[in-house]
Each structure stands twice: as structure tokens, then as C-alpha cells.
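Here are my notes on the model you sent. Please read them with the structure open.

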Amino acid sequence: MEARRHSALKDSIRSIPDYPKPGIIFRDITTLLSDPRAFRRAVDSLVHPFAGGRIDQVAGIEARGFILGGAVAHQLSSGFVPIRKKGKLPHTTVSIAYALEYGTDEMEIHVDAIKPGDKVLLVDDLIATGGTACAAVNLLRQIGAEVVAACFVIDLPEIGGAQKLRDLDVPVRTLMEFDGH
């Protein structure tokens with residue numbers, strides 16, 4: 001039953017070849033989000049291992065992590081904390097720079113979004129290189145969070161991002177894998 005459920009979820013992902021550049025297959029979750037059953041199954045599957053446990057906050061990475069993270073937070077009766085690109089949050093923030101394929105970027109969180117010792121679940125749609133997710137973990141830890149786990153709908157294991165998170169002692173939960181980039 002579980003394998004069939006995840007197969008149906010995988011079928012709800014649209015694959016777009018050569019986007020955003022030649023040789024890349026973009027895994028588009030908007031088709032999963034627009035399918036009520038698939039969206040519900042995905043959220044339920046992300047929540048399941050943590051139901052009944054203590055998760056104080058769910059942190060979602062901009063932008064698809066907001067959609068999934070908000071739904072996961074609701075199901076867990078937890079708060080939701082956005083991790084945004086630099087300059088998008090209105091209050092005092094803490095930021096971290098991280099490497100991109102060509103250059104660097106910065107993300108930030110409100111300085112008071114997490115209380116020291118809060119148990120935080122990190123959520124995003126996809127883990128590829130792990131650069132953004134690892135930066136988010138470091139940012140959360142910088143303000144005192146205990147990152148319980150990181151959850152993603154999709155893993156691209158050949159790229160190695162999930163392993164980078166595990167190397168930071170962050171358990172990783174994914175719902176499906178796709179080959180390639």
C-alpha cells in the first residue's frame with residue numbers, strides 16, 4: 001500500500017526537460033499541489049513520523065517550502081516560520097550567506113522567530129545540492145533551534161544534498177527520488 005501511495009505521488013510530479021537550462025530536468029510540484037488527493041497524501045506522509053511528538057516550529061524555505069511547511073505545521077499544531085531571501089522580512093533578522101552554482105545568495109529569519117531549544121522541522125519541496133537546506137539548518141542553529149529533521153517531497157540522490165544534511169546530523173525524510181539533475 002505504501003509503495004503504491006508513493007508511486008501515485010511520483011506520478012503527480014511534472015517533469016520539464018531542459019529547464020531552467022539544457023540538461024536539467026525540472027521537477028515541478030505545482031501539479032501535485034493542484035491535485036487535492038496528492039497534496040493531502042504528501043502532507044500526511046511528511047507529518048506521519050512526527051505526529052504525537054514535540055515539534056515547536058516548522059520552518060519553510062522560500063517559496064514552495066512555505067506551502068508545504070504551512071500545511072505540515074497545521075497538521076502538527078506547530079507554529080510556522082518562514083526562511084526568506086534577504087530583504088523580504090520586515091523585522092530585525094539574522095542572515096546567512098551560502099554558495100550557489102555561480103556566486104552566493106543570502107537567506108534570513110526573524111531574530112525572534114525561534115526560542116532557544118525549540119524543536120524545529122525544516123520543510124522544502126526538493127533537495128538537490130543541499131546548499132540552501134544546509135544554510136537553513138545553520139541559520140536555525142545560529143538562533144538556538146534544535147533541528148529535529150529536514151523533510152522534502154523529492155530527493156535527487158545523485159547530487160548528494162540529503163547526505164550533506166545527514167553529515168550535519170540532521171535526519172532526512174523524503175517521499176520520492178528521481179534520477180539525474
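Are helix 3 and helix 4 roughly parallel, roughly perpendicular or oblique to each other? The points below start there. Keep in mind that this is a predicted model.

1. **Helix pair, geometry.** Two packed helices are described by the angle between their axes and the distance between the axes. Here the pair is helix 3, residues 36–47, and helix 4, residues 64–76. Their axes cross at roughly 60° and come within 9 Å. Angles of 65 to 115 degrees would count as roughly perpendicular, and those under 35 as roughly parallel. Helix 3 and helix 4 are therefore oblique to each other. Their crossing is right-handed.

2. **Helix pair, contact.** Helix 3 brings Phe39, Arg40, Val43, Asp44, Leu46 and Val47 to the contact. Helix 4 answers with Ile67, Leu68, Ala71, Val72, Gln75 and Leu76. By class, the residues of this contact are 9 nonpolar, 1 polar and 2 charged.

3. **Largest pocket, size and centre.** The largest pocket holds about 1300 Å³ of space. Its lining counts 35 residues. Nearest its centre lie Arg64, Leu126, Ala128, Thr129 and Thr132.

4. Which elements give two or more residues to the lining? Two helices do: helix 4 and helix 5 (131–142). The strands that do are strand 2 (25–28), strand 4 (79–85), strand 5 (93–100), strand 6 (103–110) and strand 7 (119–127). Strand 7 gives the largest share, 4 residues. The lining divides into 19 nonpolar, 10 charged and 6 polar residues.

5. **Backbone, what to expect.** Most residues other than glycine have a negative phi, and most peptide bonds are trans. The next two points list places to check against that.

6. **Cis peptide bonds.** Tyr19 and Pro20 are joined by a cis peptide bond, with omega near 5°. Pro20 sits in the loop between strand 1 (14–17) and strand 2. Another cis bond runs from Glu62 to Ala63, where omega is about 0°. Ala63 belongs to the loop between strand 3 (57–61) and helix 4. Please look at both sites in the model.

7. **Positive phi.** Ser77 is not a glycine, yet its phi is positive, about 55°. Where is Ser77 found? It is in the loop between helix 4 and strand 4.

Note on methods. Residues are numbered from 1 along each chain as its sequence is written. This is a predicted model: local features need pLDDT of at least 70, side-chain atom pairs count only at pLDDT 80 or more; totals for chains, interfaces and linings use all residues. Side-chain values use heavy atoms; hydrogens and water are left out. Axes are lines fitted to C-alpha atoms, for helices over the stretch in contact, and angles run from 0 to 180 degrees between N-to-C directions. Angles under 35 degrees count as roughly parallel, over 145 as roughly antiparallel, 65 to 115 as roughly perpendicular and the rest as oblique. A crossing is left-handed if the near helix is turned anticlockwise from the far one by less than a right angle, and right-handed if clockwise. Contact means heavy atoms within 4.5 Å. Ala, Val, Leu, Ile, Met, Phe, Trp, Tyr, Cys and Pro count as nonpolar, Asp, Glu, Lys and Arg as charged, and the others, Gly among them, as polar. On a 1 Å grid over the protein atoms alone, a cavity is a set of points where a 1.4 Å probe fits but cannot get out, and a pocket is an open set with protein on both sides within 12 Å along at least five of seven lines; lining residues have an atom within 4 Å of a point. Grid points are joined across faces, edges and corners, and a volume is the space filled by probe spheres set on the points.
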